[in-house]
Amino acid sequence: MVMSIKDVLNFLFPPCCPVCHTRTMENLALCSECYQKIKFNVCESILNAYAVEYNETTKQIILPLKYGDRTDFAVLMGNLMVQAGENVLKNTDLLVPVPIHWTRLLSRKYNQAGLLANQISKKTKIKVGHTVLKRVKHTEKQGSAKQRFENVKNAFVCKKDVQGKRIVLIDDVYTTGATIEACRKVLEKAGAKEVKSLVFAKRIL
């Protein structure tokens, strides 16, 4: 019996749950116990969709992508976002990842929102506009909602022609909505026809 490359890799590196590391049938597949701890589709409207609620379980998926160089986690997260955002993604012309400041990009080496957008694009065939928005203001995390909205004022600029485009903003975590709203306003001011958002996890405050 000849083993395939996939069989060899699975033998050498057994697939496991990204949260608890329990053996699973497929790589990056959630085990049944962790799956039951996740609240899916916590909020969806005409303009916004969130794949999961932010909690101790989903945090173990988000943080390795954001800070631990586990770029492969974007596949799992992006696939869940496609499922949750089916209605939001309809008739979309362009996916626009929320950008990070160049200093943060230099240290992190990638924008996690861009990786999520790439995976969503792979599944939906919707084009990604990686350079549509630019973050021109380095912002520190602020505690209150008021501070967060103040912090992102004038933090983004639109660098590409989006006149008449139907856009979906992509990000990993939604807390107060300050970042998404700041990006939305910039795109609408630049002439976008419609701006929606699709985020992996929503914090319930």
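The largest nonpolar core of this predicted model has 37 residues, among which I61, I170 and F200 have the most contacts inside the core; such a core is a set of buried Ala, Val, Leu, Ile, Met, Phe, Trp, Tyr and Cys residues joined through side-chain atoms within 4.5 Å, where buried means under 20% relative accessible area with a 1.4 Å probe, protein chains only. At least two residues of this core come from each of β2 (48-53), α3 (56-67), α4 (73-84), α5 (86-89), α7 (112-124), β6 (166-174) and β7 (194-202), and the largest share, eight residues, is supplied by α4. Helices (H or I, at least four residues) and strands (E, at least two) are DSSP runs, numbered from the N terminus.

Leaving aside residues up to four places away in sequence, F200 touches Y50, A51, V52, I61, I62, M77, L80, M81, D171 and D172, a contact being heavy atoms within 4.5 Å. A second, separate core of 21 residues includes L169, I180, A182 and A192.

Turning to the chain as a whole, there are nine helices and seven strands. Its radius of gyration, taken over C-alpha atoms, is 18 Å, close to the 17 Å that the globule rule (2.2 Å times the number of residues to the power 0.38) gives for 205 residues, so the chain is as compact as a globular protein of that length. Of these 205 residues, 45% count as buried.

Residues are numbered from 1 along each chain as its sequence is written. Because the model is predicted, local features need pLDDT of at least 70 and side-chain atom pairs count only at pLDDT 80 or more, whereas totals for chains, interfaces and linings use all residues, and side-chain values use heavy atoms, with hydrogens and water left out.

Conventions
Buried means under 20% relative accessible area, exposed over 50%, partly exposed in between (1.4 Å probe, protein chains only).
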